[in-house]
Amino acid sequence: MKLKLAACASVAALCAGLSAGAAAQEAAATTQVDEIIVTGEKFGRNVQETATSVGYVSAEDIETSSMISGRDVFERLVNVNTAGANGRFAIRGVAFDNITGAGFGALGTLYVDNVRMSDKSTRFGPDLLWDVQSIEVLRGAQSTLQGRNALAGAIYIKSVDPSYDWQAKGRVIASDGGGQDYAVALGGPLIADTLAFRLSAERRLSDGFLENPVLGTDKVDYADDLQVRGKLLFEPTDDLTVRLAVNYADIDRRDAPSDTRILGANGYLDAGQKGPGFEAGVAGQDGAERRLSFVNVPEFDTTETWAGALTAEWRLNPALTLISETAGQHSENYKQRDGDGGVFAYGYAQPVTLQNPYGIGDFGYLGDGTLPVDPVELQEETVEIFSQELRLKYDAGGRLKALGGLYVTREHESEDNFTFLVFRNVRPLVVQTAAGFGLTGATANLLASFYSNDAPLYTFNAQPVSVTNYAAYGEGEFEATERLTLAFGLRYDHEENTSRITNSGLVLGLANPAQLAPISPQLAALAAGINAALDPFAEAEREATQTFHAWLPKASVRYDLTEDVSVGAVAQRAYRAGGVSVNVVRQLVTPLKPEYTWNYELFLRSELFDKRARFNANLYYVDWKDLQVTIDLSDQETDSIGANAGQAELYGFELQGDFDVSRNLKLYGGLGYSHTEFTEFDVTVPEAAAALGITVDPTRLDGLEGNSFAYAPEWTAVLGGAWQGEDGFFASANANYQSTSFADTGNTRKNEARTLVNVKAGYDFGRVTGAVFVRNLFDVDYVKDANAARPLLGEPRVFGVSLEARY
């Protein structure tokens, strides 16, 4: 460990030395790098003053590139990446939602105009980048000021604020894959120097690049997004500023995997080809078409999000400012998936009439309640979040600066699920079980004949969760000397979590013990036991309430080597609140305790060449305790339990810099390293489960020790630049690299390394700008989410044109 950290430190020191040496050279400066204020930290520090590793993308960066949505930003930053499908992202190798499948609270959070997004709104929410002023990625724990859901970091998207000058603009984009984008923005004064507004809207359409011969459509990995923003700025006096921001997004999107299985006779997929070892003619091999899907149930996510924030800043005197932030978010998501990923001829032919005694969900797919035997997974989720925060900021221009606040949030999530599965090859299982009880082959076969070889199974499941969170926090910094600055912070966090599960389900095609009793009481008893194993579902309701609290300290020191170069260190504690684990199969709700990290970082901040260049570095180590992990209780799907059983560590660094070579040419680059590792598992069955006699095989987790987190590439790198000519011509290029990562915690499915290059060029005629762009210039064929049967492929080369007009 010490050797690895020393190696990381050597890299950071070497790069810093090279940059400092270069700064000694004489250069004629015509521009300076822009000052960046880190709004996500709430303290008002600029990026050179904060200890946090900040990835920043400006409005100018967006305009000179081919970025359209939030996930495109990750290709410009290091140690930030997409994490598989459907809008997931990871910071320093930690996926924003979870790394082991257990737990309710998030590990990272997306904020849009100061509103915290729910899980589904983070994946499919208002993240289109038209009329966006900046994106900040805060790497590492933000728990002192943010509390829950910020153990890994946070992302802030800030749209353009209103101004007292009239502005209007519009844009049209067309690109490969049926890509279309239409956007407008308008803003100006309603009352001169007192009240201003800004409105923007964007519609994004894409057919994608996959085809589905089963459904007869080429719109598989599609997008149909609508986003509308509105803002008001009210300044009735010099001491009071009020801002209102409202975001609406209607997102219909699918990151669809390709299918590598063989298309069998009669249009059916051969179920025996679900694993590796494919035959000739499989999609993607021997010249066959690669981007194919064979699902016969349309797959999609539709998410509607309303988000609003009212912020008031009242300057009480030159030193004190009182800030109130009131925010709310309402989102509704509907998810539909093909349960078997294709078309199969099952042995249970008759339609199934569903029974839903608790009236769970309003799934349009179910129609009149009668379904053919065809696996499907449906989910409806509604989330409401309200938060109120009061902050008092002190800055008299002296040696002491301080910030204190009170925070409360209430969150309610209602999740309804419907799952239709098929137990396959039931008869061989019955024969094997009967033979184990000493029955002859003929008798075992007789018993098996009373079972359907394919047994349909369906479940209705409701999982509402309510969370109330209170917090008080403070942070201050003190200039002990002209060069030495000390900072301290502390947060007290209190949370109440109530979770409930309501469940019903049924397995069809099983033997009726009453019919077997006249033949053989022994067979009837054995059938009852087999049925209990195959059909564990009972109509039931369970509820659990948990209370958590945490103290989250933070301390840092910064030393200014020169006016433009500083170094420092920071240590802080972060946590993810506990909750409950729900086992649908056993009707079991068990508590989860919080998990904690201690985070240690060294940092370097520097501005060089008369402030025309900026070079920053962070070196970090994270010690993670009491990981909330999922443990399988059997080989049956969904038969698992959550427990605080894991420990992990992370270490790495970020090197990032930008350089205004001249008023026309800007360069940027970065290198990131992030090592993630599960170090230990100590399995203790939660009391609620132990009371039912449930045991756990600890060897089920032994194979994870030493493994990396899923979707955690160790190395990332970016290099790019933009040219803005005096004559109106402009061009930009970006190259980004990700090393190999794994698509699962078992480290069995590998995402290979890839390097992508994006370019854009155009001409600014004054009020009208035209441009062409290419994403994935060299048409790199890569996999974003490795899976033997259904891998998620990255976007191929995409050509596009854009036209923008401004007033």
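The dialogue below goes through some features of this predicted model.

Me: What should I know before reading numbers off the model?
Reply: Residues are numbered from 1 along each chain as its sequence is written, and side-chain values use heavy atoms, with hydrogens and water left out. The model is predicted: local features need pLDDT of at least 70, side-chain atom pairs count only at pLDDT 80 or more, and totals for chains, interfaces and linings use all residues.

Me: What is the average pLDDT of the chain, and which stretch stays under 50?
Reply: pLDDT is the predictor's confidence in each residue, from 0 to 100. Where it is low, the predicted coordinates should not be read in detail. Here the chain averages 88, and 89% of the residues score at least 70. Residues 1-29 stay under 50, and the model has 29 contacts for them beyond four places in sequence; contact means heavy atoms within 4.5 Å. Residues 270-288 are also below 50, with 34 contacts beyond near neighbours in sequence.

Me: How do I read a sheet, and what is the order of the 5 strands in the open sheet?
Reply: Strands of a sheet pair through backbone hydrogen bonds, either parallel or antiparallel. Helices (H or I, at least four residues) and strands (E, at least two) are DSSP runs, numbered from the N terminus. Two strands pair if DSSP finds at least two bridges between them. In this open sheet of 5 strands the order is 1-7-8-5-6, with mixed pairing. Strand 1 (53-58) and strand 6 (115-116) are the edge strands, each pairing on one side only. Strand 5 (residues 108-112) pairs with strand 6 in the antiparallel sense over 2 bridges, and Tyr111 stands opposite Arg116 in strand 6.

Me: In the sheet with the order 2-3-4, why is one side of strand 2 and of strand 4 left without a neighbour?
Reply: This open sheet of 3 strands has antiparallel pairing. Strand 2 (80-82) and strand 4 (94-95) stand at its edges with a single partner strand each, so one side of each has no neighbour in the sheet. Strand 2 pairs with strand 3 (residues 89-91) over 3 bridges, where Thr82 has Phe89 as its bridge partner.

Me: Which residue of strand 39 is the bridge partner of Ala174?
Reply: That partner is Val801. Strand 9 (residues 167-175) and strand 39 (residues 798-806) are antiparallel over 7 bridges. Strand 36 (residues 768-775) also pairs with strand 39 in the antiparallel sense, over 8 bridges, and Val772 stands opposite Val801.

Me: Is Arg491 buried or exposed?
Reply: Buried means under 20% relative accessible area, exposed over 50%, and partly exposed in between (1.4 Å probe, protein chains only). Arg491, in strand 22 (residues 484-507), has a relative accessible area of 0% and is therefore buried. Leaving aside neighbours within four places in sequence, its contacts include Tyr407, Tyr473 and Trp551.

Me: Where does Arg427 lie, and how accessible is Arg427?
Reply: Arg427 is in helix 6 (residues 426-436). It is partly exposed, because its relative accessible area is 37%. Arg427 and Asn453 are 26 residues apart in sequence and 5.1 Å apart in space, C-alpha to C-alpha.

Me: Over which ring does the charged end of Arg92 sit?
Reply: A charge sits over a ring if NZ of Lys or CZ of Arg is within 6 Å of the ring centre and within 35 degrees of the ring normal. The charged end of Arg92 sits over the ring of Tyr620, 3.8 Å from its centre. For Arg45 the ring is that of Phe43, with 4.2 Å to the centre.
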